Amino acid sequence: MGVVALVPAAGRGERLGYGVPKALVPVDGVPLLVRAVRGLFEAGCVRHVVVAAPPSDVDTVRTVTAPLAHAGGAVHVLAGGAERSDSVRLALEHALREFPDTDVVLVHDAARAFTPPHVVKAVVDAVRAGHPAVIPVLPVTDTVKQVDADGVVVATPDRSALRVVQTPQGFDARTLLRAHEAGLHATDDAGLVERLGVPVTTVPGHPDAMKITTPFDLAVAEALLVGGQA
Ligand code: C5P
């Protein structure tokens with residue numbers, strides 16, 4: 001029985017404009033991926049981590065993540081696939097082959113490098129409590145509009161019933177495998193599981209688990225570190 005975290009980090013992340021894959025972009029000298037993997041281990045309940053790296057950067061990613069392995073906990077790095085979902089599926093298959101006693105799988109974006117360890121633990125605890133799929137969420141603070149192809153508003157969904165979704169998303173290992181084998185499409189792993197008809201449960205996320213996508217996000221992360229808040 002064990003928890004394995006999959007980290008799809010094979011995207012180029014060009015919106016950051018750094019010239020290296022986003023996972024390797026440093027914040028205060030430490031790559032996002034290293035911060036993300038550290039946070040997973042700091043939760044105290046993740047045994048192994050499997051990283052899907054850009055195919056051209058597997059060796060570099062292995063070098064930067066190797067020091068994070070600890071007694072009983074490995075970091076495996078493999079080449080990711082063409083799409084995010086391919087990277088997750090490759091990492092999942094690797095995890096179930098290499099660590100066959102895995103019963104809980106997390107999927108965590110390297111770009112959410114400052115996710116507090118207590119959020120990771122809350123997700124794992126909820127899966128262990130019997131929920132097959134668990135996602136950390138935050139309330140929506142902006143009003144959201146649905147628009148048509150011309151940009152004309154067609155609806156204003158009730159904001160109180162909406163949530164923004166973060167990672168890590170946690171799953172019973174067999175449920176996630178079934179979702180990936182079903183050939184479905186969704187923008188996140190919980191979306192795949194949802195399409196199987198499996199209930200997806202939420203736990204509170206945290207503002208620090210923001211996805212670092214733009215140079216502005218990176219500047220916010222640097223500022224949080226300087227301010228000692230992350
Ligand atoms: O591009 P986007 O921000 O949606 O990517 C989300 C995550 O999926 C990123 O961490 C990225 O590295 C990862 N990804 C991947 N394999 C791909 C494309 C994206 O692991 N082929």
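Trainee: Two strands pair if DSSP finds at least two bridges between them, so how do β1 and β6 pair, in the parallel or the antiparallel sense?

Mentor: Strand β1 (residues 2–8) pairs with β6 in the parallel sense, over five bridges. Strands here are DSSP runs of E with at least two residues, helices are runs of H or I with at least four, and both are numbered from the N terminus. This is a predicted model, in which local features need pLDDT of at least 70 and side-chain atom pairs count only at pLDDT 80 or more, while totals for chains, interfaces and linings use all residues. Residues are numbered from 1 along each chain as its sequence is written.

Trainee: Which residue of β6 does V3 stand opposite?

Mentor: V3 stands opposite V104 in β6. V104 also stands opposite D172 in β11.

Trainee: And how does β11 run against β6?

Mentor: Strand β11 (residues 169–172) runs antiparallel to β6, and four bridges join them.

Trainee: How many residues of β6 are buried?

Mentor: Five of the six residues in β6 (residues 102–107) are buried, so the strand is mostly covered. Buried means 20 or more other C-beta atoms within 10 Å of a residue's own, exposed 12 or fewer, and partly exposed in between, with C-beta atoms placed from the backbone.

Trainee: Switching to the ligand, which residues are closest?

Mentor: P8, A10, G11, R84 and S87 are the closest of the 16 residues that surround the ligand, each counted if its C-beta atom, placed from the backbone, lies within 6 Å. The shell divides into eight nonpolar, four polar and four charged residues. Ala, Val, Leu, Ile, Met, Phe, Trp, Tyr, Cys and Pro count as nonpolar, Asp, Glu, Lys and Arg as charged, and the others, Gly among them, as polar.

Trainee: Now helices: at what angle do α3 and α5 cross?

Mentor: Helix α3 (residues 84–98) and helix α5 (residues 173–181) cross at roughly 140 degrees, and their axes come within 11 Å. That makes α3 oblique to α5, as angles under 35 degrees count as roughly parallel, over 145 as roughly antiparallel, 65 to 115 as roughly perpendicular and the rest as oblique.

Trainee: What about α1 and α2?

Mentor: The axes of α1 (residues 32–42) and α2 (residues 58–65) come within 10 Å and cross at roughly 50 degrees. So α1 is oblique to α2.

Trainee: Last one: is A182 buried or exposed?

Mentor: A182 is exposed, because 12 other C-beta atoms lie within 10 Å. A182 is found in the loop between α5 and α6 (189–195). Its C-alpha atom is separated by 8.6 Å from that of L192, ten residues apart along the chain.

Methods: Two strands pair if DSSP finds at least two bridges between them. Axes are lines fitted to C-alpha atoms, for helices over the stretch in contact, and angles run from 0 to 180 degrees between N-to-C directions.
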